[in-house]
Amino acid sequence: MTNQTIVNVDQQDLVISRLVRAPRATLWKAWTDPKLLKEWWCPKPWTTEVRAFDLRPGGAFYTFMRGPDGGTSDNPGCFLEVIPQARIVFTSLLTEGWRPATPWLAFTAVISMADEGVGTRYVATVMHPDKATRDRHEELGFFQGWNTCIDQLEAFAQQSH
């Protein structure tokens, strides 16, 4: 695993930048096909149900995760920007059709992908409304959880390629 984790780019952001050993087109497909997304989206043994997935600005992005101990994580949101093969931006602060939301964790995530060497530079930038929310997200296990998901994405993409 090649990891380069950048912390505190901005006091309200959490950022992970990694070189993923898989073609960008394969990562993009795993990200943009809801049937594939559920295979890697949350750290196993948790599972993901994709309740809504309308890949366009203003379209719904709604995942529901279940843990083996009965815990759940309900995550309705909205896509803000989609640049094919390059960038996906989504937020928990809005739902489908730009409807305001009051999420349990307020953030906007920018996922970017670019060819680099034999793989893809994958950058996840998660912006928060304030430092307290950012710190809470980090304390909830942001780096471990999101890196685990990127590991799962990489493994899934390698076997799908």
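**Close-up views of a predicted model**

**View 1. Asp54 and Arg56 pair up.** In this predicted model, a salt bridge joins the side chains of Asp54 and Arg56, at 2.8 Å from N to O. Asp54 is partly exposed, with a relative accessible area of 25%. Arg56 is also partly exposed, at 38%. Side chains of opposite charge can pair when their charged atoms come close.

**View 2. Glu81 meets Arg87.** The side chains of Glu81 and Arg87 form a salt bridge of 2.5 Å, N to O. Glu81 has 27% relative accessibility and counts as partly exposed. Arg87 is partly exposed too, with a value of 31%.

View 3. Glu138 and Arg134 meet through their side chains at 2.7 Å, N to O. Both residues lie in α3 (residues 131–139). They sit 4 residues apart, about one turn of the helix. Arg134 is buried, at 2%. The pair belongs to a network of salt bridges that links Lys131, Arg134, Asp135 and Glu138. The count for the model comes to 11 salt bridges.

**View 4. The largest nonpolar core.** This core holds 33 residues. Trp31, Trp40, Trp41, Phe90, Tyr122 and Trp146 touch the most other members. Several elements each supply at least two core residues, among them β2 (13–20), α1 (24–32) and β10 (108–116). Helix α4 gives the largest share, 7 residues.

**View 5. Phe90 and its contacts.** Leaving aside residues up to four places away in sequence, Phe90 touches partners including Trp31, Trp41, Phe61, Cys78, Ile111 and Trp146.

Definitions and conventions. Residues numbered from 1 in each chain as written. Predicted model: local features only at pLDDT ≥ 70, side-chain atom pairs only at ≥ 80, totals over all residues. Heavy atoms only, no water. Core = buried A, V, L, I, M, F, W, Y, C linked by side-chain atoms within 4.5 Å. Buried < 20%, exposed > 50% of the residue type's maximum accessible area, 1.4 Å probe, protein only. Contact = heavy atoms within 4.5 Å. Salt bridge = Lys/Arg side-chain N within 4 Å of Asp/Glu carboxyl O.
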